[in-house]
Amino acid sequence: MSTLVFVEHHEGELQKGSLGVLAKAASLGGDVGAVLVGGGVKALAAETGAYGATKAHVLDDASLDPPLPQARVDAIAQVVRDGGYDTVLFANSVLAADIAAGLAARLDAGLNWDLVDIRTDFVGKRPALQDTVLVDVGWRSTPRLALFRAGSFDATPTGGSAPAVEDVSVDLEEHSRAAKIVGQELEQASGPSIEDAEIVIAGGRGLGAPENFTLAEELAKALGGAVGATRAVVDAGWYPYAAQIGQTGKTVSPKLYIALGISGAIQHKVGMQSSNTIVAINKDPNAPIFEFSDLGVVGDVHEIVPKLTELINARK
Amino acid sequence: MKIAVCVKHVPEGASKIDPATKRIDRSREGALNHFDANAVEEALRLKGDGDTEVVVVSMGPEQAGDSLRKALAMGADRAVLVSDDAAAGSDLVATSKILAQALEREGAELVLFGQQASDADGAVLWAAVAERLRRPVISQAAELSLAGETVHVKRQTEFGYDVIEAPLPAVVSVSDAINEPRYPSLKGIMGAKKKPSETFTLADIGVAAGDAGEAGSKTEVLALGDPPARADSRKIEGDASAAQAIVDFLAEKRLV
Ligand SMILES: Cc1cc2nc3c(=O)[nH]c(=O)nc-3n(C[C@H](O)[C@H](O)[C@H](O)COP(=O)(O)OP(=O)(O)OC[C@H]3O[C@@H](n4cnc5c(N)ncnc54)[C@H](O)[C@@H]3O)c2cc1C
Ligand SMILES: Nc1ncnc2c1ncn2[C@@H]1O[C@H](COP(=O)(O)O)[C@@H](O)[C@H]1O
């Protein structure tokens with residue numbers, strides 16, 4: 001039995017999520033390999049040993065540094081074939097999801113996604129349908145491919161020694177080289193982060209318009225909290241990316257989280273589900289956010305929030 | 001130019017799994033996956049007043065015709081449905097094979113996908129289809145434009161925004177913030193019935209039954225269980241008066 005883990009890196013740092021999956025793979029037993037692709041990854045490979053990799057397959061090529069999936073499918077497909085790996089695991093990310101699905105098609109291999117755990121007998125645990133059911137999933141053939149939900153495993157070092165590093169050389173497919181990253185706006189850390197706030201008031205598309213974020217800001221001011229947002233409103237330019245909560249944003253676990261006009265998509269939930277107390281105001285009684293709220297209020301944010309802010313200010 | 005848009009017919013409201021088949025219960029009323037309305041809208045925006053053809057493509061039960069008709073009513077030009085009992089229960093490997101085969105016949109310069117199917121929440125299918133079509137793929141597009149033979153996309157990742165370009169033909173999935181999908185007009189709804197619409201079996205498009213459905217799938221659902229329950233969850237309905245109930249709740253939890 002041998003398991004390969006795709007280890008993602010960004011600006012010279014191995015991603016915690018990938019290392020967590022690597023540590024999980026090590027706990028399953030058998031040989032564990034890591035695969036890294038991009039500029040300078042050879043220097044990063046040694047660190048994978050501490051999380052259980054005995055072998056690191058590296059494609060150290062600066063031209064492959066832009067985080068695009070298809071060249072990585074070429075490389076990983078080759079490592080899987082040459083190394084005889086029967087399982088390939090990924091920590092979910094925008095990049096990893098696209099690699100995993102491309103690899104599934106390339107190898108005709110089963111992919112189970114959004115797993116939160118996997119057993120040694122290769123049964124995956126997947127909360128499905130807005131987490132209303134916990135499904136046991138399996139694979140009918142090898143290689144088995146899996147994507148794990150963000151935060152499923154802690155990146156706890158297993159105390160292994162440096163892995164044997166092997167260079168990968170691969171001829172890239174023509175379609176794998178076609179897309180190019182021509183610009184990037186990476187987030188620069190600045191000022192206090194919403195990750196440190198004890199109270200977070202988050203706004204979604206249900207606020208209706210960018211200027212209505214004042215509803216969230218005024219409530220946040222009254223409660224002494226910070227303002228968060230969903231990807232939908234960040235992508236639409238209503239609020240800055242630095243305030244985004246979820247899979248591709250920040251992970252917060254405040255004492256109080258109030259969601260205003262947020263549907264509660266899985267990708268949002270993973271960034272706030274460990275909040276102590278969750279209050280949601282949404283006009284749709286069937287909104288998924290109510291499935292994980294301590295207090296769900298079915299109603300219009302425009303009616304309720306100004307009154308709520310007023311009442312809280314009046315208590316002071 | 002031709003743009004193909006992949007759309008899924010999903011059960012309306014909260015989905016349920018049928019314990020007997022361990023598949024999503026598709027017997028109930030269905031609707032166009034709302035994330036796919038963004039992809040249809042984007043195709044229509046790119047088309048504008050030009051002579052681009054927008055083809056909507058779906059794999060699903062016969063009732064998926066309703067969702068395709070909605071896309072036609074929004075303004076798409078033509079619909080293709082792959083429907084076959086042998087395709088039921090297809091996983092990613094099988095679905096991508098079937099859709100890729102249907103798309104291969106269309107030869108569209110641009111293939112658009114929605115952000116995710118609201119029942120399966122995979123948010124991965126495009127990458128598998130693009131691999132089978134051997135075309136470049138870009139996911140999570142928050143902005144999209146065409147310039148000559150190139151598609152430009154701005155998209156969000158865990159680290160900020162990337163601007164990506166790829167030569168056509170290409171596959172792109174769009175985020176739900178890329179646009180505001182239009183509602184079909186009465187005229188659109190009437191006109192949809194007259195638009196060309198084809199239904200194919202697997203044999204028609206050249207997919208072997210053994211490559212589809214459960215036979216062609218590499219994953220399986222083994223068992224269903226209840227997720228850990230969240231203790232003490234309350235739900236209230238209300239107008240402005242609900243504000244007082246929220247304050248009382250926060251006071252009880254010593255949060256104000
Ligand atoms: C790879 C990937 C990564 C992603 N990463 C993230 C992420 O990091 N963070 C994130 O948030 N999302 C993320 N998403 C997107 C996610 O799937 C959802 O699309 C998004 O969270 C929806 O945002 P929303 O709740 O604001 O909008 P919607 O889903 O449109 O919900 C708006 C809600 O407002 C309610 N509403 C409308 N009007 C009112 C009113 N007047 N009063 C009260 N309620 C009202 C509606 O009933 C609805 O439930 C990601 C998706 C993918 C595929
Ligand atoms: N059965 C289907 N037929 C056509 N398109 C589909 C089908 N299933 C999914 N899609 C497309 O793939 C996207 C992502 O789906 P998924 O990866 O299943 O979440 C959807 O938004 C649709 O554009």
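I started at B:Asp77, which is partly exposed at 22% relative accessibility. My cut-offs: buried is under 20% relative accessible area, exposed is over 50%, and partly exposed is in between (1.4 Å probe, protein chains only).

Housekeeping next: this is a predicted model, where local features need pLDDT of at least 70, side-chain atom pairs count only at pLDDT 80 or more, and totals for chains, interfaces and linings use all residues. Residues are numbered from 1 along each chain as its sequence is written, chains are lettered from A and ligands numbered from 1 in the order in which they are written, and side-chain values use heavy atoms, with hydrogens and water left out.

**Salt bridge in chain B**

Which partner does B:Asp77 have? I found B:Lys47, with 2.9 Å from N to O in a salt bridge. That term means a side-chain nitrogen of Lys or Arg within 4 Å of a carboxyl oxygen of Asp or Glu. B:Lys47 sits in helix H1 (residues 34-47) and B:Asp77 in the loop between helix H2 (64-74) and strand E7 (78-82) of chain B, so the bridge ties together parts 30 residues apart in sequence. Helices (H or I, at least four residues) and strands (E, at least two) are DSSP runs, numbered from the N terminus. I noted B:Lys47 as buried, at 18%.

**Salt bridges in chain A**

I checked A:Asp131 and A:Arg149, whose closest N and O atoms are 2.9 Å apart in a salt bridge. A:Asp131 is in the loop between strands E9 (124-128) and E10 (133-139) of chain A, and A:Arg149 is in the loop between strands E11 (144-148) and E12 (164-167), so parts 18 residues apart in sequence are tied together. Buried or exposed, that A:Arg149? Buried, at 7%; A:Asp131 is buried too, at 12%.

Then I went to A:Asp117 and A:Lys24, a salt bridge with 3.0 Å from N to O. This one links strand E8 (residues 117-118) to helix H1 (residues 16-28) of chain A, with the two residues 93 apart. A:Asp117 is partly exposed at 29%, while A:Lys24 is buried at 18%.

How many salt bridges are there over all chains? I got 32.

**Chain B overall**

I listed seven helices and 15 strands in chain B. Its C-alpha atoms fill a box of roughly 60 × 45 × 45 Å along the principal axes. Of its 256 residues, 53% are buried.
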